[in-house]
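Dear colleague,

Here is the structure I said I would pass on. My notes on it follow below.

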Amino acid sequence: MIQARQHRSEHGPARSSGHRWTGPLPAARRSAIPRSSIPWATIHRATARRVTAHRRAVGQFAAGTPVLQVLPILPVLVVAVVVLVGLVGDAGVVWLPLLAAGPAFAATTNGPRGVLCVGLLAAALGAAQGLWDEVPGRELAAGLSALLAVTAASGLASALRGRRERVLAAVRSVAEAAQHALLKPVPETVGPFQVAVRYSAAAAEARIGGDLYALVSTPYGVRLIVGDVRGKGLPAVGTAALVLGVFREAAYDEPDLLAVVGRIERSLSRNLGPDDFVTAVVAGYPRPDRLEVVNCGHAPPLLISASREVGAVEPTHPAPPLGLRALSGESPRLQCLPFADGDQLLLYTDGVTEARDHSRAFYPLAEGVARHVCEEPARTLTALHDELLTHVGGHLHDDAALLLLRRATPPTDPPPTTTTPEPVADAA
């Protein structure tokens, strides 16, 4: 019991640390300080750092960080409660077997050393309690032996859990490296465009899925692709890598956007199975005010005008997904759209539009875009992504990708100021 109280006292100050006052000074103290001697820039920076730290602490509290800090000492609290109940309870009832709950619970939160410490603590307190209650020696030895056996098994389970966690961390780091190699970060500004991307994999542990996107600046203008591979898992990731590799190579070589799509189709026809395909939208900006779009069985992009009117770009000649042209015999068509300053184009995958809430209602993407669109694509997609997660309850059941392209408005030079010379009075 004394060791348990010491353990709680050692961890208490870390959880009960006070907050320092970050608000304004009282009026009497402000009036006593010369305004010219106050380093306002330093104060603003320090205040901003304190506000950021406070917000980070609030976010960690909302995410359950205090609970995670309490978990390592819960096994000690369990042992203390069992001993306390044994002391105040009926002397004829032996509470010794319940002490095994301490090391068993420690195996889920602590390492092997922590499990051993909790087990030895429970054994020592159990022996003291057994002697106090005058438990027969054979019964006390059997209970302590069972407790030590549970402690050894829990320590082994804790060691195996730690090993699995290290392996999982290594796998996740490899997955992150694969994602960065496959889905390369898109710069915020490419040519005359502002760009923003949001990607969420359905398997959060894998960090990568079957949705794909890419944007490259080529001698023939800015070109981009957003697509969705049929299926999930490693086969879908391999197909996405194939499509992106061919697209990045063909986008630099082919002057015609349809030729880029043709090279992707030929590559997929050689490497995909008979039931596999990829839906995609390939777009290009060959010259000012002209946007070329090729839709291969994908969800229609959303065109947002400078006046913030949202409309779907439905294909004039629907084409089959990539990899299925040989079965249908139809070829994709090039669709040209006007794209002036301030216009935006949103490309997405079906993981966005097919996201359902608890009542099985789909997420209304066009309405969400109309609510959150602004002149900063990153802010628009952040608001859309947060609203999407709220709609589904916090976890997507399919991969989702959003890519927003905005034609930046060139800055207007202020008109030259002309000064009228004042009339000079004649000398008398």
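A hairpin of 2 residues links S3 to S4. Helices (H or I, at least four residues) and strands (E, at least two) are DSSP runs, numbered from the N terminus. This is a predicted model, in which local features need pLDDT of at least 70 and side-chain atom pairs count only at pLDDT 80 or more, while totals for chains, interfaces and linings use all residues. Residues are numbered from 1 along each chain as its sequence is written, and side-chain values use heavy atoms, with hydrogens and water left out.

Strand S3 (residues 211-218) pairs with S4 in the antiparallel sense over 8 bridges; two strands pair if DSSP finds at least two bridges between them. S4 is also joined to strand S5 (residues 278-287), again antiparallel, by 8 bridges. Gly227 of S4 is the bridge partner of Leu212, and Gly227 stands opposite Ala280 in S5. Strand S4 (residues 221-229) is largely enclosed by the rest of the structure, because 9 of its 9 residues are buried (under 20% relative accessible area, with exposed over 50% and partly exposed in between; 1.4 Å probe, protein chains only).

Strand S2 (residues 193-200) is mostly covered, with 6 of its 8 residues buried. S2 runs antiparallel to strand S1 (residues 189-190), with 2 bridges, and Val190 stands opposite Phe193. In the hairpin between S1 and S2, Gly191 has a positive phi near 60°. S2 is also joined to strand S11 (residues 400-407) by 8 bridges, antiparallel; there Ser200 stands opposite Ala400.

The largest nonpolar core has 52 residues, and Leu212, Ile225, Phe247, Ile264, Leu322 and Leu403 have the most contacts inside it. Helix H9 (residues 234-253) gives the largest share of this core, 9 residues. Such a core is a set of buried Ala, Val, Leu, Ile, Met, Phe, Trp, Tyr and Cys residues joined through side-chain atoms within 4.5 Å. Leaving aside residues up to four places away in sequence, Ile264 touches Ile225, Val243, Val246, Phe247 and Leu322 (contact means heavy atoms within 4.5 Å).

Helix H7 (residues 112-132) contains Leu121, which is buried at a relative accessible area of 12%. The C-alpha atoms of Leu121 and Ala80 are 9.6 Å apart, although 41 residues separate them along the chain. H7 has 21 residues and spans 30 Å from first to last C-alpha, close to the 30 Å expected at 1.5 Å a residue (1.5 Å times one less than its number of residues). After H7 comes Glu134, with a positive phi near 55°.

Regards
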